[in-house]
Amino acid sequence: MAHGKSKAALDHAKEHHKKQNTAASEALLVDVYRARIQALLEQNLSREAKALIDLVQERYPAARARLEGIGTAVAARAGSLDDWIRPLNDPQVSPEQREAIEQVVRKEVCDLAALAACPVLPPEHPLRQAASALDRAFTMVTSGPVTEDAIRLPEISRRSPLAPWKLLVRAIAACYRGDGGACREQLDAIPGESAPARLIPAMRAMLGIKSPIALTAAATALVQQVSGDPAALRRALESLDRALAADQERAVVAAVRTVVQECRQTAPEQLTRLRQHITVRCAVANLDKDEIIRAMGGPPREDAYFYRLFARAMEQSGELENIAISCAAWDQFRQAAVREGWFPANGVEAATLYLHMAEQARQLPVEILRDLKHGKMKLSREERYFISPEELYQRACALDPHTEAFSQWMDWARQNSASQAERVAAAWHKICPGDLEPILHLMKQAANRKAFPSALQYLGRAEQIDGVHPEVRQARLRLTAGAILRHLQQKKPPLAAEKLATLAALPQTQQGDRPAFLAALRFLVSAVGGDTQRAEAAHAEVERLLGHRMAAQLLIFGAAVASKQRALEKLEEPGSLSTADRAAIPTSLARVTALFQDLNCGDCQISWPYIEEAAKQLRGSSSSLDAGQLQVLAEAGLNAKHFDLAYTASAAGLERGGATEARFLLLRARALPQLQFERRALCTAAAAHMARQHRDMDLLEQAVALLRGPLESADLVLTAEEAEEVLRKEKAEPASLGRNAPGPDYGAMLRKKLCDCPDCRRERGESVEPFEDMDLDEILASTPLPPDMPKEIAQILLEETKRAVERGESLDSLMARLFGPEARSGSKKRRRK
Amino acid sequence: MDALEILGLPVNASEEEIRAAYLRKVKEHPPERAPEEFERIRDAYAALRDPRRRMRHMLLAADPGAPLVSLLEAQAPQRRFTGPGPWLEVLKGK
């Protein structure tokens with residue numbers, strides 16, 4: 001008994017009493033019977049407990065008094081209430097006896113209907129009233145949805161022995177309502193020893209909470225009846241997932257049938273969603289749509305949920321052809337969603353959807369767009385709006401004009417054309433006048449058109465919004481300098497002088513070589529205005545500030561050319577210059593070019609003989625120039641299309657070594673002749689690799705743009721050793737660009753990296769199109785043809801198949817196109833064959 | 001899982017409904033008792049508060065490539081009303 005083994009204890013006690021047959025052995029046996037009955041009650045075996053207590057009372061009448069307590073519990077559990085509840089009708093009942101009876105009610109009463117109808121208590125007795133109300137509420141809450149009022153049960157006080165039932169009713173209501181938290185809360189409040197607590201494990205199982213104790217058979221049955229058993233449906237779905245992954249059409253169709261059948265039985269409310277998901281998955285797998293619909297027992301519901309799922313599937317397929325389909329599906333989603341009340345037609349949500357569609361549509365290749373606009377379909381503007389980024393951005397910004405939307409539109413427009421970008425910037429500025437980005441764009445465009453008054457107006461607005469923005473701060477200096485040059489072009493020296501005074505007042509004009517540029521402008525203003533004396537003084541000032549006559553002459557010449565006043569400064573032929581002046585040309589040219597770049601005054605136009613002389617002098621000695629000046633010279637050579645100067649500067653830069661090697665390698669790539677395509681690509685790829693190592697994002701961006709653009713070698717990536725080899729070989733090359741020089745030997749690397757034959761591409765893990773390395777004539781010669789098929793027809797079929805595969809057309813579609821719809825029947829395996 | 005599903009909301013839920021659902025769920029799953037669930041609820045609410053973010057989230061919520069079996073987990077179980085009989089069977093200990 002101490003170990004809870006009441007059945008074994010009872011066997012031993014029976015054996016003992018049989019042998020002894022004394023009053024003591026009988027008392028011991030009755031005690032063990034009592035423990036056994038209690039154990040049966042704890043196991044909810046009340047019928048067995050009742051039978052056992054009846055047997056004991058019959059066999060051992062003397063022990064009736066000892067069994068009274070447990071007898072009441074058994075009677076209460078079995079619904080035989082009358083005898084033990086009768087004392088509650090007596091007003092003289094002691095508090096102890098009342099408490100004992102109520103305790104039994106709390107612990108044992110399961111049949112509320114029997115208690116509500118108990119004839120030994122008057123109908124108005126609070127216990128009968130409470131039992132009646134709870135019985136009604138319990139039946140209602142387990143039979144259908146209930147309101148809060150229906151389960152409020154104010155007649156049951158917290159002190160009532162039936163109070164745990166009130167908690168149970170509320171827990172059941174919360175469970176059906178799907179409010180797991182509230183359900184748990186009510187269950188936690190039910191006292192563990194009360195009768196309703198017997199439902200706690202089953203209800204926890206319904207909430208998905210695992211219990212360490214196994215459920216009874218009745219509890220398991222209840223959970224299954226309430227929650228359903230999705231195990232069979234789960235297995236069917238797993239089987240369908242496997243069939244889809246293996247691309248087995250027959251297995252998919254069979255699995256779809258099973259899934260739908262199971263779903264109808266177990267979870268009919270999920271059938272609609274399942275059909276939608278199955279349709280989309282099968283569409284992605286390119287399976288026969290009609291067959292799948294037959295297997296599903298009907299088509300999917302085409303609502304907003306379905307179109308969203310389908311649009312996302314097309315987006316995620318990664319095929320460009322599917323983007324147009326996804327955009328069309330998004331449009332159908334929009335219409336369905338508005339119809340179904342997901343969101344209003346003209347709100348922020350619709351605008352966000354348009355932006356998403358635009359992001360997709362801008363990936364569409366031009367050829368597909370052209371086909372949709374002008375091909376067989378000839379869609380009208382309204383019909384094809386969902387593939388037109390312009391139209392989509394316009395709609396998005398009209399519905400929800402905000403910075404991010406305009407910024408995306410602007411980004412797209414910039415990639416298309418400057419005029420489109422300017423239109424977008426103007427629209428943006430009109431709607432969001434406080435945004436800086438469109439103002440800066442409009443300002444730059446105006447400056448590019450030499451419309452400096454407009455540019456300065458935009459600058460004024462930009463300064464009001466963010467005066468410390470680096471672009472805004474630089475713009476005042478650059479635009480004023482540009483305006484002066486423009487006034488000089490227009491021969492308006494008073495206006496130029498006015499702007500010059502403004503420029504001189506800017507504190508940033510005092511930095512670096514800028515005072516020299518200011519003096520050069522002063523020279524030009526004075527010279528154009530006819531003030532020779534001031535012009536001469538300004539000329540001398542430029543020479544003083546730059547510290548060399550040659551630099552001063554080049555700066556004034558460059559500024560004169562920029563203001564179309566070339567006659568004001570003439571350069572001597574380099575041949576007539578002294579050796580010292582000729583030697584100073586590279587440094588002077590670098591300083592003046594850097595100054596023009598700094599003030600954004602365009603390229604410094606220097607006469608061709610001076611550029612040639614710079615390259616010649618640089619070949620002799622480059623020690624007077626720093627790495628920055630060499631870069632400026634190389635850029636100047638590239639801009640002037642004097643590739644020898646660019647090459648020579650890059651050679652001098654590479655010779656210096658250090659962190660700037662990558663930049664000079666890229667300049668080398670740009671300086672090489674077009675014909676040396678592979679060498680240019682390798683130098684650029686090596687520069688990209690080094691830029692990655694040095695985290696030089698600006699250089700990396702330039703190198704990648706060159707590889708993706710003119711060099712068409714986006715996939716070319718070098719290892720550290722290969723980049724090192726390129727650098728070493730380029731450094732070993734002569735300092736000047738020989739027209740017929742073959743350059744370094746990159747043969748092995750080229751074969752490994754750039755060879756375009758299918759075998760080499762396959763070895764590098766790149767994709768090789770079907771038929772690409774196949775000889776169609778060879779295939780035709782080695783394929784046995786049907787006896788009645790002429791070779792010409794076979795050739796046409798083979799070529800048509802090749803084109804279809806290259807287009808990505810499905811075999812079903814090809815067969816149907818070539819042989820008619822009946823060719824689609826038959827197994828997938830046979831069709832493939 | 002979709003933020004709307006986490007908060008138990010329909011797709012066209014208003015801002016007030018979203019806030020009310022969030023507060024209800026947080027009450028159900030306080031951080032000290034269910035920290036992971038609370039995190040999910042908070043993330044879902046953050047995604048749904050801003051209408052633009054909510055819409056973007058809603059557009060991308062659909063996962064067409066997810067295993068079909070995951071649909072069973074995503075959907076709240078539909079409980080059936082059985083009447084008092086099976087419940088009383090458990091109470092009576094059968």
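Chain B is built from 6 helices and has 0 strands. Read from the N terminus on, its elements therefore follow the order α-α-α-α-α-α. The model is a predicted one, and for chain B the pLDDT averages 84, with 91% of the residues scoring at least 70. Where pLDDT is low, the predicted coordinates should not be read in detail. For the complex, the predictor gives an ipTM of 0.77 and a pTM of 0.60. Of the 94 residues in chain B, 24% count as buried. Among its contacts between residues at least 6 apart in sequence, 38% join residues at least 24 apart.

We turn next to the place where the two chains meet. Chain A brings 57 residues to the contact, and chain B brings 37 residues. On the side of chain A that touches chain B, the elements giving two or more residues are helices H8 (126-143), H9 (163-177), H10 (180-189), H12 (217-227), H13 (231-245), H15 (271-284), H17 (304-316) and H19 (348-361) of chain A. By residue class, this side of chain A divides into 28 nonpolar, 19 polar and 10 charged residues.

Helix H19 of chain A, one of these contributors, also has a partner within its own chain. H18(A), spanning residues 321-339, packs with H19(A) at an angle of about 170 degrees, and their axes lie 9 Å apart. Because angles over 145 degrees count as roughly antiparallel, the two helices H18(A) and H19(A) are roughly antiparallel to each other. From H18(A), the contact is made by A:Ile323, A:Ser326, A:Cys327, A:Trp330 and A:Arg334, and from H19(A) by A:Ala350, A:Leu353, A:Met357, A:Gln360 and A:Ala361. The residues of this contact comprise 7 nonpolar, 2 polar and 1 charged.

In soluble globular proteins, nonpolar side chains tend to be buried together. The largest nonpolar core holds 153 residues, of which A:Met443, A:Ala520, A:Leu555, A:Leu665, A:Ala686 and A:Ala687 touch the most other members. Helix H28 of chain A (residues 514-528) gives the most to this core, namely 11 residues. Leaving aside residues up to four places away in sequence, A:Leu555 touches A:Ala516, A:Phe517, A:Ala520, A:Val542, A:Leu546, A:Val592 and A:Leu595.

Key. Residues are numbered from 1 along each chain as its sequence is written. Chains are lettered from A and ligands numbered from 1 in the order in which they are written. This is a predicted model: local features need pLDDT of at least 70, side-chain atom pairs count only at pLDDT 80 or more; totals for chains, interfaces and linings use all residues. Two residues are in contact if their C-beta atoms, placed from the backbone, lie within 7 Å. Helices (H or I, at least four residues) and strands (E, at least two) are DSSP runs, numbered from the N terminus. Ala, Val, Leu, Ile, Met, Phe, Trp, Tyr, Cys and Pro count as nonpolar, Asp, Glu, Lys and Arg as charged, and the others, Gly among them, as polar. A nonpolar core is a set of buried Ala, Val, Leu, Ile, Met, Phe, Trp, Tyr and Cys residues joined through C-beta atoms within 7 Å. A residue is buried if 20 or more other C-beta atoms lie within 10 Å of its own, exposed if 12 or fewer, and partly exposed in between; C-beta atoms are placed from the backbone. pLDDT is the predictor's confidence in each residue, from 0 to 100. Axes are lines fitted to C-alpha atoms, for helices over the stretch in contact, and angles run from 0 to 180 degrees between N-to-C directions. Angles under 35 degrees count as roughly parallel, over 145 as roughly antiparallel, 65 to 115 as roughly perpendicular and the rest as oblique.
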